[in-house]
Amino acid sequence: MMKRFLTIACLFLVPMAIWGQEISTPTVKETPVQPSTVKLVCGPYLQNVTSDGFTVMWISDIDALGWVELAPDDGTHFYYVDRPKYYDMTGAGINPLSKIHTVRITGLQPGTRYRYRIMMKGLRAFNGERDITFTKPFGANVYTAKPPVVTTLKESYDKLHVAVVNDVHANAEGFRDLFKDSRGKFDFVVFDGDMTSVINEDTHMAVYVQPASELFADETPLYVVRGNHEFRGLFSRDWLKWFQTPTGMPYYTFQWGKYFFISLDSGEDKPDNDIEYQGMLSMDQYLYEESVWLKKVTESEAFKNASVRIVFSHIPPRLNDWHGNKNVCELFVPILNEAGIDLMISGHEHNYSISPVGTSNAKFPVLINDNLELMVLDIDGKTIDFKTSDTSGAQTHKGSFPIVKK
Ligand SMILES: [Fe+2]
């Protein structure tokens with residue numbers, strides 16, 4: 001009898017107790033803390049500037065929808081009219097929600113100045129296309145600060161004033177010293193490899209691209225050459241996401257009027273099977289494919305018609321040296337010898353030197369810039385003049401190379 005009573009009591013009382021508990025202390029469903037703002041982490045910086053367009057890149061702290069507003073440099077206030085908006089086409093028609101923003105602006109006039117500003121809305125919640133919640137919008141301030149100005153490439157140039165730096169190895173302070181007075185000074189800037197040492201996280205851009213953006217790269221075209229250290233670290237696999245090249249590969253060409261430039265990817269410096277790489281490199285196959293591309297470049301009308309031809313290669317050609325030097329000697333130099341090159345500019349050795357014609361298998365001179373030194377080139381139809389300086393601004397070397405008659 002007692003047992004039956006207890007069973008009935010349990011059947012009624014336990015649910016009532018639970019029900020009562022639910023009434024008296026309702027459970028609060030915990031929602032994750034969502035960001036209310038989106039912040040600019042790096043940028044903007046210019047990539048792939050051509051005569052009819054340019055690419056603006058920047059990085060946000062959280063995934064975001066980004067776009068660029070464009071205005072002519074015609075004296076009107078940026079807020080005068082609604083400015084055309086350009087979105088990130090790397091999503092092929094669906095606007096990306098990402099931290100890396102790559103917005104290309106096209107259909108522009110050559111040799112013309114344009115103002116731009118970057119805009120974005122951070123993603124708070126995505127519950128389907130009809131239910132997306134964004135943070136407060138971020139807009140570059142064009143009320144108290146002047147918007148950056150970019151000039152599209154002209155059809156021709158008499159001379160070029162160019163800066164090259166390499167082997168910075170994540171020294172942000174030294175980088176800032178080298179470029180402290182560089183706003184508006186150069187036609188373009190080249191990072192000739194090993195700007196960082198290991199890419200272990202997606203924040204490495206803060207070390208050299210963010211200073212570059214603050215000092216010049218939001219207005220001055222920037223070209224990036226991959227060095228052997230940019231193959232190292234887990235996030236080195238994403239290297240191409242942070243830059244936009246004309247080919248979509250780390251090797252590419254660019255042209256300023258009669259001046260033709262080739263940016264080579266010279267790869268890693270040791271053999272693929274070296275224990276340091278743990279079987280994660282396929283450099284021999286990759287560099288061979290690049291050499292097939294290079295051959296086609298040198299057969300192009302644009303290359304043949306150019307009066308000045310300069311090659312950037314982080315690793316220089318050296319006979320009987322490391323495997324990286326051997327690759328350059330065997331895969332790229334024979335093609336460049338046949339094609340006719342005025343100068344190769346390299347880094348990698350952390351030592352300034354000039355390798356005159358005949359000191360490797362190259363039939364062109366190779367100029368090697370020291371680490372953490374600014375090399376300034378003045379190029380016209382007759383000579384390539386250069387000066388290098390250290391982080392104190394003191395001049396370290398200078399010289400000149402003749403342009404070879406084509
Ligand atoms: Fe290097």
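Biologist: What should I know before I start?

Modeller: The model is predicted, so local features need pLDDT of at least 70 and side-chain atom pairs count only at pLDDT 80 or more, while totals for chains, interfaces and linings use all residues. Residues are numbered from 1 along each chain as its sequence is written, and side-chain values use heavy atoms, with hydrogens and water left out.

Biologist: Which domains does the protein chain have?

Modeller: Domain bounds come from an automatic or database domain assignment. Here that gives domain 1 (40–150) and domain 2 (156–402). Their centres, taken over C-alpha atoms, are 28 Å apart. Contact means heavy atoms within 4.5 Å, and 21 residues of domain 1 are in contact with 19 residues of domain 2.

Biologist: How do I read a pocket or a cavity?

Modeller: Picture a 1 Å grid over the protein atoms alone: a cavity is a set of points where a 1.4 Å probe fits but cannot get out, and a pocket is an open set with protein on both sides within 12 Å along at least five of seven lines; lining residues have an atom within 4 Å of a point. Points are joined across faces, edges and corners, and a volume is the space filled by probe spheres set on them.

In this model the largest pocket has a volume of about 730 Å³. Of its 33 lining residues, P148, V149, V150, D218 and E219 are the closest to the centre. Both domain 1 and domain 2 give at least three residues to that lining.

Biologist: Which strand gives the most to that lining?

Modeller: Strands are DSSP runs (E, at least two residues), numbered from the N terminus. β5 gives the most, with four residues.

Biologist: And how many cavities are there?

Modeller: The search finds one cavity of 30 Å³ or more. The largest cavity holds about 40 Å³ of space. Strand β10 (residues 222–224) supplies the largest share of its lining, three residues; other lining residues include Q47, N48 and Y252.

Biologist: Is S389 buried or exposed?

Modeller: Buried means under 20% relative accessible area, exposed over 50%, partly exposed in between (1.4 Å probe, protein chains only). S389 is at 16% relative accessibility, so S389 counts as buried. S389 sits in strand β18 (residues 383–389).

Biologist: What about cysteines and disulfides?

Modeller: A disulfide is a pair of cysteine sulfur atoms within 2.5 Å, and the structure holds zero of them. C42 counts as buried because its relative accessibility is 1%; C329, at 4%, is buried too.
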